[in-house]
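Please look at the sequence and the model side by side while you read. The paragraphs below take a few places in turn.

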Amino acid sequence: MTALEALAAFLAHMADARRASPRTVEAYSRDLTGFLGFLTTHLGGEPDLGALAALRASDVRAYLARRRRGKAALSDRSVARLLSAIRSFYAWLDRTHGVANADVALVRGPRLKPLLPRPVSEDAAMDLIALAESADGPAWVGVRDAALLTLLYGAGLRISEALSLTDDDAPLGETLRITGKGAKTRIVPVLPAARDAVDAWLSARPWPKEPGAPLFRAIRGGRMSPRMAQSVMQRLRSGLGLPASATPHALRHSFATHLLSAGADLRAIQDLLGHASLSTTQRYADVDAARLMTAYAAAHPRA
């Protein structure tokens, strides 16, 4: 088996057995295809499983070093992602084909500072929704955008989760069954404000309900895409003078951070967000602590 054939089987495993998202599979494909292309030149021929088993740590380091040079030099975070993809590929090769390579584990990636979520404030979230509703253009477009943002902020949904909803999910009840990353299902409560906003959208849109049809539609009636939602947020944050970090996903961060500030349990927030690990949710506690220290430094007379 050649390395490219093994890669194709690995990507199929990620998509089918691991149920990775299409974007994740695409990222693995891009990163590992580049790695195997480098090895073809570096080793003087297309590698097979034997060549992958004999690969040295210096070979992997040479690839990472090349990706950090030139005009298209990668950041530390991107280099760490590349190394993670290579390790995942080798772990799968070891399990399925007995291709063990201890040298790959010796390669250390760059040390990364943890990125904290960047939520918008409660007032900014409400201003975004209000501005969306009063935007220029067809009235139903503003009602749609306001309903989408209200649902993101009120239920903590990922943009892909909100845009995957269909007319079968509407009108919304007190809870909503969401299928998130890794095809994991969770139940999230739906606030009355979110239900009312979606009801207003159903009444305003120029299409009747159809089984299986997308709930949030674009101008021509097709499913609204994440890129469209990002464009909406870009226009709204420009109108309000908000930073570039005010994205659709920032409303999910705001949902979690504002719940935590109000005294919600971290484990409950984990369930609402659908995080597999509590350590992921813990980042919101760090955001809250950082915000408290900033307020303390700005307000205390002895700070």
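This is a predicted model: local features need pLDDT of at least 70, side-chain atom pairs count only at pLDDT 80 or more; totals for chains, interfaces and linings use all residues.

Residues are numbered from 1 along each chain as its sequence is written, and side-chain values use heavy atoms, with hydrogens and water left out.

Helix H11 covers residues 226–240 and reaches 21 Å from its first C-alpha to its last (helices, H or I of at least four residues, and strands, E of at least two, are DSSP runs numbered from the N terminus). Ala229, Val232, Met233, Leu236 and Arg237 of H11 are buried (buried means under 20% relative accessible area, exposed over 50% and partly exposed in between, with a 1.4 Å probe and protein chains only). Seen down the axis of H11, these buried residues fall within an arc of 125°, so they line one face of the helix; the arc is that of the directions from the helix axis to the C-beta atoms. The face turned away from this buried side carries the exposed residues Arg227 and Ser238.

Serine 254 sits in helix H12, residues 248–261, and is buried, with a relative accessible area of 0%. A polar atom of the serine 254 side chain lies 2.9 Å from the backbone nitrogen of valine 120.

Among the loops, the one between helix H9 (159–163) and strand S1 (175–179) holds proline 171, which is joined to alanine 170 by a cis peptide bond with omega about -5°.

Notes
A polar contact is a pair of N or O atoms within 3.5 Å; within protein, one must be able to donate a hydrogen and the other to accept it, and residues adjacent in sequence count only if both atoms are side-chain atoms. The expected span of a helix is 1.5 Å times one less than its number of residues.
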